[in-house]
Amino acid sequence: MDSAGQGVAARTPAVEGLTEAEEEELRAELTKVEEEIITLRQVLAAKERHCGELKRRLGLSTLGGLKQNLSRSWHDVQVSNAYKKTQETLSQAGQRTSAALSTMGSAISRKLGDMRNSATFKSFEDRVGTIKSKVVGDRENGSDNLPSPTGSGDKPLSDHAPF
């Protein structure tokens with residue numbers, strides 16, 4: 001086989017249909033475009049350095065620019081219709097929740113008042129009052145001797161009135 005036959009066999013499907021001259025022309029153009037890209041990247045890097053230097057000399061910082069962008073973005077969000085509707089909805093929900101909690105608090109307060117006025121609570125309150133008066137009364141009479149839980153002491157447990 002001659003060298004021309006091997007070149008055709010080694011070609012990729014994308015190159016098929018191109019003459020050798022067209023392929024060489026495309027490769028030259030590709031090399032030229034790649035060199036231009038490298039040059040443009042170098043120019044861009046130089047411009048970015050120059051821009052940074054100018055900002056530094058003017059006292060502008062990246063953080064300041066970022067802060068301005070965030071402030072502008074937050075302002076844009078606040079004036080958006082979606083934000084306004086959400087804020088309005090949350091405000092109404094808060095008012096309704098507050099009203100519901102107030103109503104619930106009033107109901108609980110009323111129920112506790114009713115419970116306090118019930119016969120069972122009055123009976124319990126009277127018993128606690130009686131026990132309190134006995135304990136406080138004994139102390140006022142100069143006797144701090146309370147019955148021990150085991151029943152030992154000056155007075156046996158059975159001498160005291162049950163609840």
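**Figure 1. Salt bridges across the whole model.** The search of the whole structure returns 3 salt bridges. A salt bridge here is a side-chain nitrogen of Lys or Arg within 4 Å of a carboxyl oxygen of Asp or Glu. The model is predicted: local features need pLDDT of at least 70, side-chain atom pairs count only at pLDDT 80 or more, and totals for chains, interfaces and linings use all residues. Residues are numbered from 1 along each chain as its sequence is written, and side-chain values use heavy atoms, with hydrogens and water left out.

**Figure 2. Glu 23 and Arg 27 in helix H2.** The two side chains form a salt bridge, 3.0 Å from N to O. Both residues sit in helix H2 (residues 20-58), 4 residues apart, about one turn of the helix. Helices (H or I, at least four residues) and strands (E, at least two) are DSSP runs, numbered from the N terminus. Glu 23 is buried, at 17% relative accessible area. Arg 27 is exposed, at 51%. Buried means under 20% relative accessible area, exposed over 50%, and partly exposed in between (1.4 Å probe, protein chains only).

**Figure 3. Glu 53 and Arg 56, also in helix H2**. This salt bridge spans 2.5 Å, N to O. Glu 53 is partly exposed, with a relative accessible area of 31%. Arg 56 counts as exposed, at 55% relative accessibility.

**Figure 4. Arg 116 with Glu 125.** The closest N and O atoms of this salt bridge are 3.5 Å apart. Arg 116 is partly exposed, with 48% relative accessibility. Glu 125 is partly exposed at 31%.

**Figure 5. A nonpolar surface patch.** Leu 101, Met 104, Ile 108, Leu 112 and Met 115 make up the patch. Together they have about 500 Å² of accessible area. Leu 101 belongs to helix H4 (residues 81-116). Patches are made of residues with over 30% relative accessible area and no salt bridge; like charges are joined within 9 Å, nonpolar side chains (Val, Leu, Ile, Met, Phe, Trp, Tyr) within 5 Å. Accessible areas come from the Shrake-Rupley method with a 1.4 Å probe; for residues, only the protein chains shown count as cover.

**Figure 6. The chain behind the close-ups.** The chain has 5 helices and 0 strands. From the N terminus, the order is α-α-α-α-α. Of its 163 residues, 2% count as buried. The chain exposes about 14600 Å², and carbon and sulfur atoms supply 58% of that area.
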